[in-house]
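The paragraphs after it take the parts in turn.

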Amino acid sequence: MSRAFLRDDAEGEMPRRNYGLPPRDDPDYDRVAARALLEAARVGETQLAERATGYYWGEPALRPHVELVLKETEQAGDDRLEQLARRFPS
C-alpha cells in the first residue's frame, strides 16, 4: 500500500466512520468495499478503511469495481476520486 494514503496517527485506531458496508456475505460487499477504500483515501484514512473492509489498498479482487467507479467519476467530473481510482494498482 502506498504511504501517500495513510494518516500518520491512524496506527491502532479503529474505523470512526460508517462505511455503509453490507454483511460480508452480501453479493455487493466487494463493490461497496472498493468505494469505501477510495473514499477513505480521499481523506487520508485508507488504513482505517482497510481495517473496516478487510481488504488492502490495491486488492486485485476489487479492481473491476474500481474500474466502474473510475467511469462514474469521469462522467461526474470528480477529479480527486478519479485520480485515486487511477492510482489503484492493476
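The model is predicted. The chain holds four helices and zero strands, so its elements, read from the N terminus, run α-α-α-α. Of its 90 residues, 42% are buried. Among contacts with a separation of 6 or more, 63% are between residues 24 or more positions apart. The chain exposes about 5300 Å², and carbon and sulfur atoms supply 48% of that area.

Begin with the segment before α1, where Tyr-19 lies. Is Tyr-19 buried or exposed? Its relative accessible area is 12%, and the limit for a buried residue is under 20%, so Tyr-19 counts as buried. What does Tyr-19 touch, leaving aside its neighbours within four places in sequence? It is in contact with Val-32, Ala-36, Ala-40, Glu-45, Leu-48, Ala-49 and Ala-52. Tyr-19 can also be placed relative to Leu-37: the two are 18 residues apart in sequence, and their C-alpha atoms are 9.0 Å apart in space.

Helix α1 covers residues 29-42, and Arg-31 is found in it. Arg-31 has a relative accessibility of 39%. Pro-64 is 33 residues away from Arg-31 along the chain, yet the C-alpha atoms of the two are separated by 8.6 Å.

Helix α2 comprises residues 46-53 and is mostly covered, with six of its eight residues buried. Which residues of α2 are buried? They are Thr-46, Gln-47, Leu-48, Ala-49, Glu-50 and Thr-53. These buried residues pack against α1. After α2 comes Gly-54, which has a positive phi, near 85 degrees.

Helix α4 spans residues 79-87, and its buried residues are Leu-81, Glu-82, Leu-84 and Ala-85. Why do these residues line one face of the helix? Seen down the axis of α4, they fall within an arc of 165 degrees, so they lie along one face. An α-helix has 3.6 residues a turn, so residues three or four places apart point the same way.

Two packed helices are described by the angle between their axes and the distance between the axes. For α1 and α4, the angle is about 115 degrees and the axes are 10 Å apart. The crossing of these two helices is right-handed. On the α1 side, the contact is made by Arg-35, Leu-38, Glu-39, Ala-41 and Arg-42. On the α4 side, it is made by Arg-80, Leu-81, Leu-84 and Ala-85. Sorted by type, the residues of this contact are five nonpolar, no polar and four charged.

Conventions. Residues numbered from 1 in each chain as written. Predicted model: local features only at pLDDT ≥ 70, side-chain atom pairs only at ≥ 80, totals over all residues. Heavy atoms only, no water. Buried < 20%, exposed > 50% of the residue type's maximum accessible area, 1.4 Å probe, protein only. Arc of directions from axis to C-beta. Contact = heavy atoms within 4.5 Å. Axes fitted to C-alpha atoms, helices over the stretch in contact; angles between N-to-C directions. Left-handed = near helix turned anticlockwise from the far one by under 90°. Nonpolar A, V, L, I, M, F, W, Y, C, P; charged D, E, K, R; others polar. Areas by Shrake-Rupley, 256 points an atom, 1.4 Å probe, with all protein chains shown as cover.
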